[in-house]
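Hello,

Here is the structure I said I would pass on. My notes on it come after the sequence and model.

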Amino acid sequence: MSEKTMKYILLASIAGNFANNLRSICEAKGIVLQALFITTAANPYKEKQWMEDDIALFTSAGFSIERVDIAGLTKEEFVLQLSKTTICIMGGGNPIYLLEVITEKDVMSSLQKRVAEGMLYVGSSAGAVITSPNIKLEKHFEDRTEVTPLDSYDSLGLVNFQVLPHWGKPSYEKEYMQMLQDAYRNKETVIPLRDDQAIEILDDKMRLIT
């Protein structure tokens, strides 16, 4: 009988805060501390120190990080990158833009397939948001001008709930209240995460960690 493929998903507002949790899993499973860090969601922003800080936390925990921007690659190039990695860290930024690029490059199924095959998936902020079945709620946060609405907001569907990262920040209060109202009307499950919280899914077990 073949060994069951491990499923591991870590979702956080700032994933680097939980780099040591990821390292513990890797060490227990004999996984080399090398990861792709997908920077795509940060493309719409000029100031990206928050992303640099996130990457630095993983580096400090002993991870070797290779930066990848899906927008700058062909589908074939990105799929090849995915095929060679055991750990994928999807960085923060604009989740709707990130979904646009994933859809445009036609790599949604490739990401889903690699997670099903056992690739460890780590989502930081926007990278956590896109693991839900769809990200329609995120339209309240769209801050780009002259953006054409997506034909579909269907996302990775790695989990059956919506993550609300950076919960408790006063600057997000208005949008989150609107999102919660929408979620209630649509009977959708949402899980708010403060910056010091994460959801860790190992196989069929899910836990909230701080």
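This is a predicted model: local features need pLDDT of at least 70, side-chain atom pairs count only at pLDDT 80 or more; totals for chains, interfaces and linings use all residues.

Sheet. Seven strands form an open sheet with mixed pairing, in the order β3-β2-β4-β5-β1-β8-β9. The edges are β3 (64–68) and β9 (205–209); each has a single partner strand, so one side of each lacks a neighbour in the sheet. From one strand to the next, the twist averages 20°. At the β3 end, β2 (residues 34–38) pairs with β3 in the parallel sense, over five bridges. I65 in β3 is the bridge partner of A35.

Helix on the sheet. Helix α2 (residues 49–60) packs on the sheet and touches β2, β3, β4 (87–90) and β5 (120–124). The direction of α2 makes about 150° with that of β3.

Aromatic pairs. There are four aromatic pairs in the structure. One of them joins Y45 and W50, edge-to-face, at 6.1 Å centre to centre and with 80° between the planes. Y45 is partly exposed at a relative accessible area of 26%, and W50 is partly exposed at 34%. Another edge-to-face pair is Y172 with Y176, at 6.0 Å centre to centre and 80° between the planes. Here Y172 is partly exposed, with a relative accessible area of 25%, whereas Y176 is buried at 4%, because the cut-off for buried is under 20%. Ring pairs also bring W167 into a cluster with Y172 and Y176.

Regards

Definitions and conventions:
Residues are numbered from 1 along each chain as its sequence is written. Side-chain values use heavy atoms; hydrogens and water are left out. Rings of Phe, Tyr and Trp (its six-membered ring) pair if their centres lie within 6.5 Å; planes under 30 degrees apart count as stacked, over 60 as edge-to-face and the rest as tilted. Buried means under 20% relative accessible area, exposed over 50%, partly exposed in between (1.4 Å probe, protein chains only). Two strands pair if DSSP finds at least two bridges between them. Helices (H or I, at least four residues) and strands (E, at least two) are DSSP runs, numbered from the N terminus. Axes are lines fitted to C-alpha atoms, for helices over the stretch in contact, and angles run from 0 to 180 degrees between N-to-C directions. Contact means heavy atoms within 4.5 Å.
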